[in-house]
Amino acid sequence: MRNIIVNILLIITVTGLIGAEDGIRCKYCGCELVPLDQEKTGIEFDEGNICTYPKCQAAYIDGVWYTKEDWNSVVEKALKGKAKIIENEIEKQVKINQEIRRENRIRELIQKYNWTRKRTERIIEGFIYIGDTKEIVREAWGVPKSISRTITGYGTYEQWVYGLGYYVYFENGKVTGIQD
Ligand SMILES: [Zn+2]
């Protein structure tokens, strides 16, 4: 009999505790709390509730109380952190894509002209030197805006005109001068 009473008391106590848990009210204003949508916060928590009184909007997150202002600044920081992570991911992906495009171009040029890798790399970086061929200049700087050609008894002279006052001079197909 005494055991039954103890058991009943225990059941009542446990039920009472659960009831109390359900009825948590705002520490600041006494209003009802409603569950907080975790998705919108950028923060992971097990249990978060927010006060329904518009002027209060205190938050109760995993057993810690925050005023509206405190909680907003916590959320703001978390969202900024998340944005930064996404930004970094995009930056990383852009770099990877650039690297892939560069590698593809190097391979293409090596296959087309049979250049060494070292030469190909300096060409796609836009470096041209005296003695370079027309192909090299075209791959390094692109197609010129215009070409003026002079043919004499000594050979063929060309002036390739690029924008912004850049010129390349050729004598019999080899670079003899670069003006920039
Ligand atoms: Zn409140």
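Which hand does the crossing of helix 2 and helix 3 have? I looked, and the crossing is right-handed. For my own record, a crossing is left-handed if the near helix is turned anticlockwise from the far one by less than a right angle, and right-handed if clockwise.

**Ground rules**

I am working on a predicted model, where local features need pLDDT of at least 70, side-chain atom pairs count only at pLDDT 80 or more, and totals for chains, interfaces and linings use all residues. Numbering starts from 1 along each chain as its sequence is written.

**Overview**

I listed the elements and got four helices and eight strands for the protein chain. Helices (H or I, at least four residues) and strands (E, at least two) are DSSP runs, numbered from the N terminus. Read from the N terminus on, the order is α-β-β-β-β-α-α-α-β-β-β-β. I then checked burial: 11% of the 180 residues in the protein chain are buried. A residue is buried if 20 or more other C-beta atoms lie within 10 Å of its own, exposed if 12 or fewer, and partly exposed in between, with C-beta atoms placed from the backbone. Of the contacts with a separation of 6 or more, 28% are between residues 24 or more positions apart. A contact here is two residues whose C-beta atoms, placed from the backbone, lie within 7 Å.

**Helix 2 against helix 3**

Back to the opening pair. The axes of helix 2 (residues 68-113) and helix 3 come within 10 Å and cross at roughly 120°. That makes the two helices oblique to each other. On this scale, angles under 35 degrees count as roughly parallel, over 145 as roughly antiparallel, 65 to 115 as roughly perpendicular and the rest as oblique. Axes are lines fitted to C-alpha atoms, for helices over the stretch in contact, and angles run from 0 to 180 degrees between N-to-C directions.

I wrote down who makes the contact: Arg 102, Arg 105, Ile 106, Leu 109 and Ile 110 from helix 2, and Arg 117, Thr 120, Glu 121 and Ile 124 from helix 3. These divide into four nonpolar, one polar and four charged. The classes are Ala, Val, Leu, Ile, Met, Phe, Trp, Tyr, Cys and Pro as nonpolar, Asp, Glu, Lys and Arg as charged, and the others, Gly among them, as polar.

**Ile 124**

I picked this residue out of helix 3 (residues 117-124). Is Ile 124 buried or partly exposed? It counts as partly exposed, because it has 14 C-beta neighbours inside 10 Å. Leaving out residues up to four places away in sequence, Ile 124 touches Arg 102, Arg 105 and Ile 106. I also checked Ala 140, 16 residues along the chain from Ile 124, and found 5.3 Å between the two C-alpha atoms.

**Helix 4**

In helix 4 (residues 134-141), I found Ile 136, Val 137 and Glu 139 buried. The cover over the buried residues of helix 4 includes helix 2, helix 3, strand 6, strand 7 and strand 8. Just after helix 4, Gly 142 has a positive phi of about 90°.

**Sheet 1-2-3-4**

I traced an open sheet of four strands in the order 1-2-3-4, paired antiparallel. Pairing needs at least two DSSP bridges between two strands. Strand 1 (33-35) and strand 4 (64-66) are the edge strands, each pairing on one side only. The twist averages 25° from one strand to the next. Strand 1 and strand 2 (residues 48-51) run antiparallel and are joined by three bridges. Pro 35 has Asn 49 of strand 2 as its bridge partner.

**Sheet 5-6-7-8**

Another open sheet has four strands in the order 5-6-7-8, again antiparallel. Strand 5 (146-152) and strand 8 are at the edges with a single partner strand each, so one side of each has no neighbour in the sheet. Neighbouring strands are turned by 15° against each other on average, direction ignored.

Strand 6 (residues 155-162) and strand 7 (residues 166-171) are joined by six bridges. Trp 160 has Val 168 as its bridge partner in strand 7, and Val 161 stands opposite Tyr 167. Their hairpin has three residues between the strands, and Leu 164 takes a positive phi near 55° there.

Five bridges join strand 7 to strand 8 (residues 174-179). Val 168 has Ile 178 as its bridge partner in strand 8. This hairpin has two residues between the strands, with Asn 172 at a positive phi near 50°.
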